[in-house]
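Here are my notes on this one, in numbered points. Have a look at the fold first, then read on.

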Amino acid sequence: MDSAETRAAAANLFPGRVNSPVRSFRSVGGEPIVLERGAGGRVWDADGREYVDLLGAFGPLLLGHAHPDVVAAIRETAGLGTAFGALTPGEVSMGRLITDATGLERLRFVTSGTEATMTAIRLARGATGRDVIVKFDGCYHGHSDGLLAKAGSGVATLGMSDSAGVPEAIAGLTAVLPYNDAAALEEWFSAHGERTAAVIVESIAGNMGLVQPEPAFLNALDRVPRAHGALLIADEVITGFRLRYGLSGMLPGADIVAMGKVIGGGLPVGAVGGSARIMNLLAPEGPVYQAGTLAGNPLVSAAGAATLGVLATGRPYERADHLARHLENGLRAALKRSATTGTVVRAGSMLTLFFRDGAPRDYAEARESDTAMFGRFHRGMLERGVLLPPSQFETWFVSAAHTEADTDHVVNAAHDVLRQVAEARE
Ligand SMILES: Cc1ncc(COP(=O)(O)O)c(C=O)c1O
């Protein structure tokens, strides 16, 4: 099946032709891309067209596509059986790699980031005996009911449902505050501290485009929930093992950590971690129920352990960061030369080009970006063989398998597209 045939067949199978909404390309226009193959930093669509891949499967592929060690580990393990519903040596090996690198005392493996944050919240509620949670506008923690909430009518009010099918009674247990706003957090806790079980936050926000946490905000996150007997949940689903070998280091005082993406080497994974005291509240040790047929799956554990084995040398981080810096500088030069309003925000191998003046501090500022401009840019880059995440509000992921030729190709394409858009403007 070529791309057109695949899309046509998918129309009769999947809502919007896809199995996850952002893949539909609705926020950039154009047809959803159909990918068939990847190797290193490149992917090929079903018509044989090649792209430099900065979508990176939305984050897991720090080693790029089909890394030989990861593929070999999956092949070898698959021949021994793919699921057992019992404890396996593979999940113990992978668990040890994670606890050694993070200092977390106990883990539970799940099969997605959504499950990891959902479980973290249930644990926090079980540990504190309280119901209310706080999240931040523009942070995404997966699609469980309580996390699909939007801000209520004032800063210190509870949230409202942000999706059909999420009962107001559930969304109303979630407060949604502005990111990077230490004063709003203080205000919330002085009014509702005794009802609040936990604050959940992306250690570096990657789901409104890349938005860096400010020191005063990190300080308040570390201090304020604890002062009121609430827990801090660090969502490291994107950042865990992406910025360095271990957690990001942004929230060292977090009580519970949610992980996913990179630790699974591209297979479906999530993990929750914390102190033995908190984690042992989980069933069967404690009263907080949680379970999973495929949790700790042998294939996932093998792919994850192989990935972590390569990452542990530290070299992939140096390589990916170096390439991302090169890309950042090249994109800045392209913006300047074409006199386009835009800003590049980067953390390690993650970056976002915002079509706005200056780095945004929160979602309200990120939303001031020119999304129509991003759509034109995205389509122009795609025509020139560069696959970017299909939304202004996503993070681009550079891998250690990219090359200087790849980043040069992206920068040259950006010069070209931005010049063309600038000429059309004149
Ligand atoms: C920070 C963060 N948390 C949680 C999730 C949910 O993970 P999953 O899509 O594996 O359910 C995502 C997904 O993009 C994420 O970026």
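Which residue in β15 is the bridge partner of Val52? Val386 is the one.

1. Ground rules. This is a predicted model: local features need pLDDT of at least 70, side-chain atom pairs count only at pLDDT 80 or more, and totals for chains, interfaces and linings use all residues. Residues are numbered from 1 along each chain as its sequence is written.

2. Two strands pair if DSSP finds at least two bridges between them.

3. The sheet with β15. Four strands make an open sheet, ordered β1-β2-β3-β15, with mixed pairing. The edges belong to β1 (35–39) and β15 (386–387); each has a single partner strand, so one side of each is left without a neighbour in the sheet.

4. Strand β5. Five of the five residues of β5 (residues 132–136) are buried, so the strand is largely enclosed by the rest of the structure. (Buried means 20 or more other C-beta atoms within 10 Å of the residue's own, with C-beta atoms placed from the backbone.) Val132, Val134 and Phe136 lie on one side, Ile133 and Lys135 on the other. β5 runs parallel to β9 (residues 196–202), with three bridges, and parallel to β8 (residues 174–177), with four. Ile133 stands opposite Ala198 in β9 and opposite Thr174 in β8.

5. Helix α10. The 23 residues of α10 (residues 315–337) should span 33 Å at 1.5 Å a residue, and the end C-alpha atoms are 33 Å apart, which agrees. (The expected span is 1.5 Å times one less than the number of residues.) Its buried residues include Pro316, Leu323 and Leu331. Among the elements covering them are α9 (298–311) and α13 (404–425). Just after the helix, Ala339 has a positive phi of about 50 degrees.

6. Domains. An automatic or database domain assignment sets the bounds: domain 1 is 3–66 + 314–425 and domain 2 is 68–311. Their centres, taken over C-alpha atoms, are 26 Å apart. The contact (C-beta atoms, placed from the backbone, within 7 Å) takes 28 residues from domain 1 and 29 residues from domain 2. On the side of domain 1 that touches domain 2, α10, β13, β14 and α11 (363–366) each supply at least two residues, and β14 gives the most, with four.

How values were computed:
Buried ≥ 20, exposed ≤ 12 C-beta atoms within 10 Å, placed from the backbone. Contact = placed C-beta atoms within 7 Å.
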